[in-house]
Amino acid sequence: MLGLGVEDEQGGLLHLHDDDGRDLTTTPQSRPAHLAATTLLPEQWNLWRIPLDALPSGTSLAAVRLIAHTDYGSGWIQARVMAEDPGKNAQDGADVVACVRTTRGTHSGRGFSRGSTLPAVCLPHGMNFITPVTNARTRRWLYRWHGDPAPRLEAVALSHQPSPWIGDRGSMQVMPYLDAPVLEPRRRSRRFSHDDEVAQPDYYRVRLEGGIELELTATARTAAVRIHLPRAGGVTIDQPFAGHLYARVTDTGVSLHGWAPGNTVRPSRPSPPRVFFVGEIRSGTRIDTAYEDAGSVRSQAAHIPLSAGTHEVRLATSFISVEQAWQNLSLESQGTFEELRQAAHDAWSAPLAALELSGATAEQREAAYTGLYRLLCYPNIAHENAGGPDTPRMVHAAAALPLDREHTDTVTGCRILPGELYVNNGYWDTYRTCWPAYHLLMPDRAGVLLNGLLQTFRDGGWMGRWTAPGYIDCMVGTDSDVIFADAAVHGIDFDQDTAYLSALRNAMTPPAQTEVGRVGNRAARFCDWVDSSIPEALSWTVQNAIDDAAIGRWAGRLAHRANGEARSDLLAEAFYFTNRSLRWRCLFDPDCGFIRERRDDGMWKVAPADFNPREWGGGYTETNGWGMAFSPVHDAAWLADALGGPAALGRRLDAYFQDPEKAVASQRGTYGHILHEMTEARALGMGQFAVSNQPAHHVPFMYLHSDRPDRAAEVLHDAFGRYFNGGRIGQGWPGDEDNGEFSAWWLFVAMGLYPLDVGSGEFVVTVPQLPSVRWTRSDGTVLSVTREGSGKYIADVEVNGCALLAPVLRATALHGDTHLRVRVDTRPHGWGTGARLASVSAGEYRRDKTRSGNLHSSLQSAAALVDDAATTEVVLPPNTRLELELDRPEPARVFTLTGTGSLDVAVAVCADGVWCRAAERRVRFRFPEETRVIALPAPPGAEPCIEAIRWLFPNGARLTQLEVI
């Protein structure tokens with residue numbers, strides 16, 4: 001525990017106080033048990049701003065004294081006295097673009113993350129980033145705030161990096177030099193001070209040692225680099241990895257073109273595209289060959305000598321061809337540098353200004369607008385205008401299809417298809433907060449983005465789990481299903497029919513390759529869990545259940561607008577997926593209260609005596625047993641009941657926040673090293689609350705399902721106030737900021753709304769962490785939230801003047817003009833206690849009845865139809881009859897057929913000893929080995945208990961599996 005004071009010239013100790021009046025010099029007060037952390041966060045720098053205006057006027061300071069209230073510990077301290085206090089309330093009318101600090105989150109690396117971002121200059125959703133680079137030979141952390149006391153710049157680069165964990169692709173670099181050129185990045189690097197950086201979305205400027213000044217701005221597909229050289233020198237054009245550069249002197253200067261390879265860190269399948277680039281340096285008159293230190297020519301680099309003065313490099317890229325890159329440069333890079341910068345500023349100003357904050361500090365405004373900037377960086381356009389400015393014709397290189405031919409130095413081998421394509425999104429991350437934010441706050445933009453994501457499915461037949469720009473084998477779950485379902489409930493205008501088809505492909509077919517679909521889904525779609533032979537099986541089971549819940553709700557809504565057979569199918573699918581979303585319950589262990597991994601024989605993967613909820617890996621993706629203990633948000637009411645009721649859920653949550661993460665080797669489990677998420681959770685000191693990673697982001701809100709909803713306010717107040725600081729030293733987030741997901745989390749917490757159960761159509765209500773937040777949508781409607789009073793507990797809430805009694809609001813109620821007034825107090829009021837939030841089902845999970853029944857057929861091979869493996873295709877001759885006899889009469893709502901092609905089927909059921917026709921129809925399988933769900937008709941208000949079911953296939957069929965549920 002640390003204190004801080006200052007000494008006057010006589011050596012007297014003067015006490016310092018924070019903005020809330022707490023004495024920072026005396027022994028700190030003890031913290032609540034569930035927040036048992038020191039004021040400062042270990043294992044990282046802390047930015048601790050202390051106001052000095054309370055000191056006696058005219059006080060001369062001689063020293064800063066750091067006071068240790070413990071007997072051990074070590075670290076470093078740097079002290080600076082500043083004339084301004086950026087923590088004070090900011091002027092609301094300030095330029096919102098200038099509020100963004102793009103270096104926020106760059107104080108990161110493999111072992112510890114405070115954002116893992118890069119200071120990208122770009123347009124919203126632009127195809128390219130242009131960024132400063134402190135390590136020119138990595139695809140991962142291109143720019144790191146920390147390191148040397150005086151950092152070094154090795155280049156500025158065109159980048160397409162969605163995340164350092166996915167890696168960069170298609171990069172090319174520019175670096176100015178003075179006097180003689182040097183190619184090797186470390187030796188060509190130049191020192192700079194962060195005080196000499198301007199890092200905004202539309203513009204970056206830095207002064208380098210030697211008097212060089214660099215400026216960057218961008219359009220959607222091009223970039224402009226302005227360089228001031230105090231004496232003769234030049235620029236080095238380089239590529240960090242493979243590729244080729246062609247340069248020539250023309251009548252208008254130096255012309256560049258070349259190609260850079262796709263990503264090798266996380267390869268994009270099935271056809272990693274090349275990135276083609278072009279450039280021009282109109283003041284260039286000569287090209288010098290670039291040599292490696294060993295003396296060999298580097299074919300992907302060149303030096304362009306330049307005189308003293310100001311020069312510009314104009315760059316453009318294309319996924320299609322060098323010719324298209326020149327077209328992009330011609331269409332977008334006309335005008336002066338200042339005109340391009342102003343256009344970029346205007347492009348950012350409009351969406352950022354939709355957010356208005358009153359009463360926020362400068363640091364909070366910076367966090368808010370930088371977060372909104374991050375949210376608007378992704379996903380990225382991957383389409384290009386093959387037409388003209390007045391007759392645009394958007395096309396794209398289809399990275400989701402196999403190559404048509406080999407790439408050349410000037411033309412892609414990808415198929416060129418019409419349509420707008422958006423890429424660079426990891427759905428396991430972004431479905432939680434990014435997409436609900438788009439849907440709620442910018443619905444018009446959301447529709448464009450969603451249709452752009454769907455182009456991947458139109459091209460390649462799958463959505464993928466990560467796209468960058470093709471399919472990447474990363475993370476669990478097919479969470480685009482949830483994204484589309486959530487968009488539908490918000491009323492977003494997008495291609496719902498195609499989107500729903502993509503969800504069925506994910507959920508109802510075996511994946512074509514590891515980069516798409518649900519791993520192990522050939523058998524897992526018929527089983528009660530994904531068995532432990534599949535890596536990360538438990539997380540797959542739970543995530544599949546969350547995805548299925550979203551599809552089930554979506555299907556039910558779609559049924560309302562359908563008729564006839566289509567309506568019947570949608571209602572059947574709504575029941576089927578809702579029931580399937582309860583499968584996670586089969587992994588709940590009532591003896592310990594945790595969700596645990598099972599083998600295919602039903603036994604626990606880890607014996608009960610050996611189970612350790614603190615151990616990472618195994619069946620858990622990037623977390624442990626604690627981290628998955630509250631994950632089934634769609635079925636939270638059942639989870640609470642299974643634990644013993646709302647009070648028991650509250651106690652379990654308390655234990656989660658109190659059990660410390662130790663990040664020791666004995667708890668790394670199947671991971672070969674201690675994950676950075678483990679180290680980050682240990683540093684945060686909130687028990688197992690690893691808020692640095694997505695599996696923990698919803699956990700504080702689960703208190704709303706307990707008997708003590710006020711506890712959510714306590715946790716969120718502390719996390720919001722402590723963990724998102726340090727933006728001015730490259731920090732700002734307590735973990736990876738993935739494609740805007742963590743930023744959206746912060747924005748939702750700031751306004752006191754959260755999409756706890758995405759796709760349900762509900763937001764939970766918590767205490768707004770900012771005094772006033774106002775969003776103006778493109779249609780002019782306003783969503784505003786105002787916090788009144790002091791304290792961190794909700795006393796009461798009004799929505800448009802009407803009292804809100806439960807901590808939940810329908811999404812539809814938040815569209816249109818909506819104002820929330822939240823009155824807070826210093827003591828808990830128990831507001832929202834007893835309000836049971838919606839869950840998908842209060843019923844029991846229904847298992848497939850073919851497991852307990854007896855299938856009769858003249859075909860010996862028919863037994864394979866109920867083996868839950870779906871590995872054997874059974875060919876049924878014309879007029880084949882199958883009959884399933886149940887052990888006892890049971891209710892049945894649907895049956896499923898899995899096959900390829902199409903078939904005709906007549907179905908009869910036996911109830912009370914009487915056979916009657918139930919259905920007769922044609923079934924078309926839209927995908928190979930697809931599972932189709934067919935309703936069994938029931939009398940109104942009744943659900944039949946059947947004793948047997950019979951299928952007749954008059955024209956034969958090719959099937960692999962049969963279910964009755």
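Helices here are DSSP runs of H or I with at least four residues, strands are runs of E with at least two, and both are numbered from the N terminus. "Buried" is under 20% relative accessible area, "exposed" is over 50%, and "partly exposed" is in between, with a 1.4 Å probe and protein chains only.

Before you click on, remember that this is a predicted model: local features need pLDDT of at least 70, side-chain atom pairs count only at pLDDT 80 or more, and totals for chains, interfaces and linings use all residues. Residues are numbered from 1 along each chain as its sequence is written, and side-chain values use heavy atoms, with hydrogens and water left out.

**Stop 1: along H14**

Colour the buried residues of H14, including Ala648, Leu649, Gly650, Tyr656 and Phe657. Arg652, Leu653 and Asp654 are buried in H14 too. An α-helix has 3.6 residues a turn, so residues three or four places apart point the same way. Now check the length: H14 has 13 residues and reaches 19 Å from its first C-alpha to its last, close to the 18 Å expected at 1.5 Å a residue. That expected span is 1.5 Å times one less than the number of residues.

**Stop 2: strand E17**

Next, select strand E17 (residues 297–306). Here 8 of the 10 residues are buried, so E17 is largely enclosed by the rest of the structure. Which strands pair with E17? Strand E12 (residues 233–238) does, in the antiparallel sense over 5 bridges, and so does strand E16 (residues 288–291), also antiparallel, over 3 bridges. Two strands count as paired if DSSP finds at least two bridges between them.

Zoom in on His303 in E17: Thr236 stands opposite it, and it is also the bridge partner of Asp288. Then follow the chain between E16 and E17, which form a hairpin with 5 residues between them. In that turn, Gly295 has a positive phi of about 105°.

**Stop 3: an open sheet**

Jump to the sheet built from 4 strands in the order E39-E46-E41-E44, with antiparallel pairing. Its edge strands, each pairing on one side only, are E39 (874–876) and E44 (930–935). The twist averages 45° from one strand to the next.

Select E46 (residues 957–964), where 7 of the 8 residues are buried, so E46 is largely enclosed by the rest of the structure. E39 and E46 pair over 3 bridges; look for Leu876 with Ala957 and Val874 with Leu959. E41 is joined to E46 by 5 bridges, and Phe895 has Val964 as its bridge partner.

**Stop 4: the cavities**

Rolling a probe the size of a water molecule over the atoms shows where empty space is left. How many cavities of 30 Å³ or more does the structure hold? There are 12. The largest cavity has about 240 Å³ of space. Of the 24 residues lining it, select the closest to its centre: Tyr431, Arg432, Ile546, Ser631 and His698. A cavity is a set of points on a 1 Å grid over the protein atoms alone where a 1.4 Å probe fits but cannot get out, and lining residues have an atom within 4 Å of a point.

Finish on helix H11 (residues 537–559), which gives the most to that lining, with 7 residues.

Terms used:
Axes fitted to C-alpha atoms, helices over the stretch in contact; angles between N-to-C directions. 1 Å grid on protein atoms, 1.4 Å probe; cavity = no way out; pocket = protein on both sides within 12 Å on 5 of 7 lines; lining within 4 Å. Points joined across faces, edges and corners; volume = space filled by probe spheres on them.
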